[in-house]
Amino acid sequence: MALDLDPAVSKKITKYALMAYMVMFFISPVQPLAGSTLMGLAAIVPIMLGPNPLRILGLMAFALAGYFFWPEFQESKKLPARLAVREALALTDPLKAAVAAHVAKEKRLPAEGELALKLPASSQAAVEAVASGGFRLRLKFAPLEGRTLREMPQLAGDKLSWQCVSDDIEQSYLPRQCRNAENLRRARAGAK
């Protein structure tokens, strides 16, 4: 139900609300959840106060805000698990430093069992060494309990890099450094 206001005041308020909406539209890529929420709130003003053509514009703006907001809302529910994955990956940092020291000294990846590594104990993940200086993390938290993530070293000349690979974790739960073509290929193969 629209409020009855003086048409000049209604147009002025609606104009400012739509200007705020446009500002939020440009802010939303930086802060998607907050931007989309504020876009929705700004779009309500023309719906409630504006003349009929502006009410339609307000409804369209509200729908656009919902379009931007819904995917971000769904992703925000995965944030705690994504942060826990990042914390679990941090467990391998000292181990990766040991592999890097070995590569710097020997100019090759370590053979299986060549490094005497003390594997960290954690409530987030169980860490185990795998061939060629890599590590497997078996996650211990919901909703990813029992799923695995591997950190595999790759040596190109003198340059050591690490590839994060998972066979059974959905891409949206992985940190950016783990979202790669290998994981995408595996995810697509698993979906078929």
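This report describes the disulfide and the salt bridges of the structure. The model is a predicted one.

**The disulfide**

The structure contains one disulfide. A disulfide is a covalent bond between the sulfur atoms of two cysteines. Here the partners are Cys164 and Cys178, with an S to S distance of 2.0 Å. The link of Cys164 and Cys178 is right-handed, with 80° about the S-S bond. Cys164 belongs to strand E4 (residues 159–165), while Cys178 sits in the loop between E4 and helix H6 (181–191), so the bond ties together parts that are 14 residues apart in sequence.

Are the two cysteines buried or exposed? Cys164 has a relative accessible area of 2% and is buried. Cys178 is also buried, at a relative accessible area of 0%.

**The salt bridges**

Side chains of opposite charge can pair when their charged atoms come close. Across the whole structure, a search finds four salt bridges.

| Pair | Closest N to O distance |
|---|---|
| Arg108 and Glu114 | 2.7 Å |
| Arg136 and Glu128 | 2.8 Å |

Lys96 counts as buried, at 17% relative accessibility, because buried means under 20%. Glu151 counts as buried as well, at 6% relative accessibility.

Arg108 and Glu114 form another salt bridge, with their closest N and O atoms 2.7 Å apart. Arg108 is partly exposed, with a relative accessible area of 35%. Glu114 is partly exposed too, with a relative accessible area of 33%.

The salt bridge between Arg136 and Glu128 has its closest N and O atoms 2.8 Å apart. Arg136 counts as partly exposed at 25% relative accessibility, and Glu128 counts as partly exposed at 30%.

Definitions and conventions:
Residues are numbered from 1 along each chain as its sequence is written. This is a predicted model: local features need pLDDT of at least 70, side-chain atom pairs count only at pLDDT 80 or more; totals for chains, interfaces and linings use all residues. Side-chain values use heavy atoms; hydrogens and water are left out. A disulfide is a pair of cysteine sulfur atoms within 2.5 Å. Helices (H or I, at least four residues) and strands (E, at least two) are DSSP runs, numbered from the N terminus. Buried means under 20% relative accessible area, exposed over 50%, partly exposed in between (1.4 Å probe, protein chains only). A salt bridge is a side-chain nitrogen of Lys or Arg within 4 Å of a carboxyl oxygen of Asp or Glu.
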